[in-house]
Amino acid sequence: MGLPMKHFVLAVVLSFFAIGSAFAEETCESKAIGKDGKPLAGAAKASFVKKCKADACEGKAVSGDGKPLAGAAKASFLKKCEAGA
């Protein structure tokens, strides 16, 4: 196998990984579906999305040494995390 062919195969393999991870990512907006299978709307959707973001960020609120954050540090982290989620 020549060098250009190796580069092409490597590019194709990396593309599959990039595409797969893009499709696998679910956001809180995409998870906002009611029990009847219809998308939530209005206040129900806003409440669901807010809780979903809070739940997603809660587990990430740890310090560099692995201890859970508390107080102002935790509040600041959660605010920043939820804004970016």
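Predicted model: local features only at pLDDT ≥ 70, side-chain atom pairs only at ≥ 80, totals over all residues.
Reader: What percentage of the residues of the chain count as buried?

Author: Burial is read from relative accessible area, where buried means under 20%, exposed means over 50% and partly exposed lies in between, with a 1.4 Å probe and protein chains only. Of the 85 residues of the chain, 11% count as buried. For the chain as a whole, the accessible surface (from the Shrake-Rupley method with a 1.4 Å probe, where for residues only the protein chains shown count as cover) comes to about 6700 Å², and 67% of that belongs to carbon and sulfur atoms.

Reader: How should I read the disulfides, and how many does the rule count?

Author: A disulfide is a pair of cysteine sulfur atoms within 2.5 Å, and by this rule the count comes to 2 disulfides. In one of them, the sulfur atoms of cysteine 28 and cysteine 52 lie 2.2 Å apart. This pair links distant parts of the chain, since cysteine 28 sits in helix 2 (residues 28-31) and cysteine 52 in helix 3 (residues 42-58), 24 residues apart. The link of cysteine 28 and cysteine 52 is left-handed, with -75° about the S-S bond.

Reader: Why do cysteine 28 and cysteine 52 count as buried?

Author: Cysteine 28 counts as buried because its relative accessible area is 13%, and cysteine 52 counts as buried because its relative accessibility is 14%.

Reader: Where are the partners of the disulfide between cysteine 57 and cysteine 81?

Author: Cysteine 57 and cysteine 81 have their sulfur atoms 2.0 Å apart. This pair also links distant parts of the chain, with cysteine 57 in helix 3 and cysteine 81 in helix 4 (residues 71-84), 24 residues apart. The torsion about the S-S bond of cysteine 57 and cysteine 81 is about -85°, so this disulfide is left-handed. Both cysteine 57 and cysteine 81 are buried. With bonded cysteines counted along the chain, the disulfides follow the pattern 1-2, 3-4.

Reader: What is the idea behind a salt bridge, and how many does a search of the whole structure find?

Author: Side chains of opposite charge can pair when their charged atoms come close. The working rule asks for a side-chain nitrogen of Lys or Arg within 4 Å of a carboxyl oxygen of Asp or Glu, and a search of the whole structure finds 3 salt bridges. One of them joins glutamate 29 to lysine 45, whose closest N and O atoms are 3.2 Å apart. This pair links distant parts of the chain, with glutamate 29 in helix 2 and lysine 45 in helix 3, 16 residues apart. Glutamate 29 is partly exposed because its relative accessibility is 44%, and lysine 45 is partly exposed because its relative accessible area is 28%.

Reader: Which residue meets lysine 74 in a salt bridge, and where do the two lie?

Author: Lysine 74 meets glutamate 58 at 2.7 Å, N to O. This pair links distant parts of the chain, since lysine 74 is in helix 4 and glutamate 58 in helix 3, 16 residues apart.

Reader: How many residues apart are aspartate 55 and lysine 51?

Author: Aspartate 55 and lysine 51 both lie in helix 3, 4 residues apart, which is about one turn of the helix, and their side chains meet in a salt bridge at 2.9 Å, N to O. Lysine 51 counts as exposed because its relative accessibility is 52%, whereas aspartate 55 counts as partly exposed because its value is 48%.

How values were computed: Residues numbered from 1 in each chain as written. Heavy atoms only, no water.
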